[in-house]
Amino acid sequence: MLSAGFARIEITPPLGCIISGYYEERRGLEKLDPLYAHAVAFADGDTRAVLLYMDALGIRQELLDRMRARLGACLRLPAEAIFVGCSHTHTGPEICDGMFAPDEAYNARLEKLLEQAAQLALDDLKPAKLLFAAGRVPGISFNRRIRMRDGSTRTNPGYGNPDILHPIGTADEALRLVRIVRENAGEILLVNFQVHPDTIGDCLKGADAISADYPGFVVRTLEGALPGAHAVYLNGAAGDLNHIDVNKPAWDKNGGYEHTAHMGRSIAAEALRIYGKARPLAGDGVRFAQRPLSVPANKGKPEDIPLAEKYVRAHREGRDDLIPETGMGITTLVAEAARILALKDAPDTFTLNISALAVGGLCLAGIPGEAFTQIGKRIKADSPYEAQLIVGIANGYEGYFPTQEAFEEGGYEARSSCFRIGVAEKIAEAEIALIRTMKGV
């Protein structure tokens, strides 16, 4: 018989911590809302697994592999049975050593908190059944890659830019809701949508803050409307999606904390609309799997290194005037330069975690980075599971996975990706194969 348990622990870092998500140092000088680690445990007979999902930008695969191994040893579970995802909020703590050093004391505390959350969820196991519903949330997720009149591709070229021709592709506006209804215990809601949680910066010029971004509003709104319920928001394939409507009307403040609230409430409202129409999911078995996928590194040429060093140094010193671009174009050049320097002495190939966790007719497909929306749509379309959810930044955070077309077009995501053309398609094929094997079809 299937059983499920829930726990939640606050993981908000202390004020003054380095905030992750941009190519410049920011520190958390105020707290807009708390950050949490959510734990959902599943069991069927002797088979147990835990979903850990936290308000954080991401955790690099190398570090997370070690954390999952230690957590597994403490919880007496295989490491693959511990499925770890991050919401990708850009107003959370620096956990991995990217451009800025993390707080190792916080990281050690975080691992202990994750262990506690997982154990509490396992201790909370109650008989359960699953229900599923699908909906749609229009008007809050937009493709951020834009075709310009000169034929080039730019990411976020600015509101009302007269050189904009049209967005490249369409956003995935599909929402998926799973209700885990338990005996004599609060039900657990899994809400799956896809858009970048990077909405806060538009209203905090010069004032850094800690926030869960719109996923926090999704959780708080649902739990306020459904007393006793526990909600977890799972962000999907959002690598080329964000909240910015470049053609917004002048009166619409399409960013900032009020827009953050609007997005979270809009997602929660759709979950509530379809809540009563959720239908039972068949099956009760718990399964988990992980496979390695080897992909080639997107290394720069030796002659590119001096210019890359110049751009990164200029940006760190506040001399963006030395970088021949404006706006998001500066970020693109800095990100490309950072990628060239990071891969200077790297191996020619990397190994990515392709993972999945299934409970009856529910399946979570874990992608260890920022996949483009087309990849998420493809996996959902080809999955044999009735309730197929895509979880980005899962069991690793290795950056962007652009499609082949995106690599050919260029733009921020393609120029900053650590992997060569074809990586997204390889991930989709590997994920679909893993899911089908786990399902036995």
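In which kind of crossing, left-handed or right-handed, does helix 1 pass helix 2?

**View 1. Helix 1 crosses helix 2.** The crossing is right-handed, the near helix being turned clockwise from the far one by less than a right angle. This is a predicted model, in which local features need pLDDT of at least 70, side-chain atom pairs count only at pLDDT 80 or more, and totals for chains, interfaces and linings use all residues. Residues are numbered from 1 along each chain as its sequence is written, and side-chain values use heavy atoms, without hydrogens and water. The axes of helix 1 (residues 61-75) and helix 2 (residues 104-123) come within 10 Å and cross at roughly 45°. Contact (heavy atoms within 4.5 Å) involves residues including Leu63 and Met67 of helix 1 and Leu114 of helix 2.

**View 2. Tyrosine 214 pairs with tyrosine 233.** Their rings form an aromatic pair (centres within 6.5 Å) that is edge-to-face (planes over 60 degrees apart), with 5.4 Å centre to centre and 75° between the planes. Tyrosine 214 is in helix 3 and tyrosine 233 in strand 14, 19 residues apart.

**View 3. Phenylalanine 350 pairs with phenylalanine 419.** This edge-to-face pair has 5.9 Å centre to centre and 80° between the planes. Phenylalanine 350 is partly exposed at 22% (between 20% and 50%), whereas phenylalanine 419 is buried at 2%. Ring pairs link Phe350, Phe401 and Phe419 into a cluster.

Definitions and conventions:
Axes are lines fitted to C-alpha atoms, for helices over the stretch in contact, and angles run from 0 to 180 degrees between N-to-C directions. Helices (H or I, at least four residues) and strands (E, at least two) are DSSP runs, numbered from the N terminus. Rings of Phe, Tyr and Trp (its six-membered ring) pair if their centres lie within 6.5 Å; planes under 30 degrees apart count as stacked, over 60 as edge-to-face and the rest as tilted. Buried means under 20% relative accessible area, exposed over 50%, partly exposed in between (1.4 Å probe, protein chains only).
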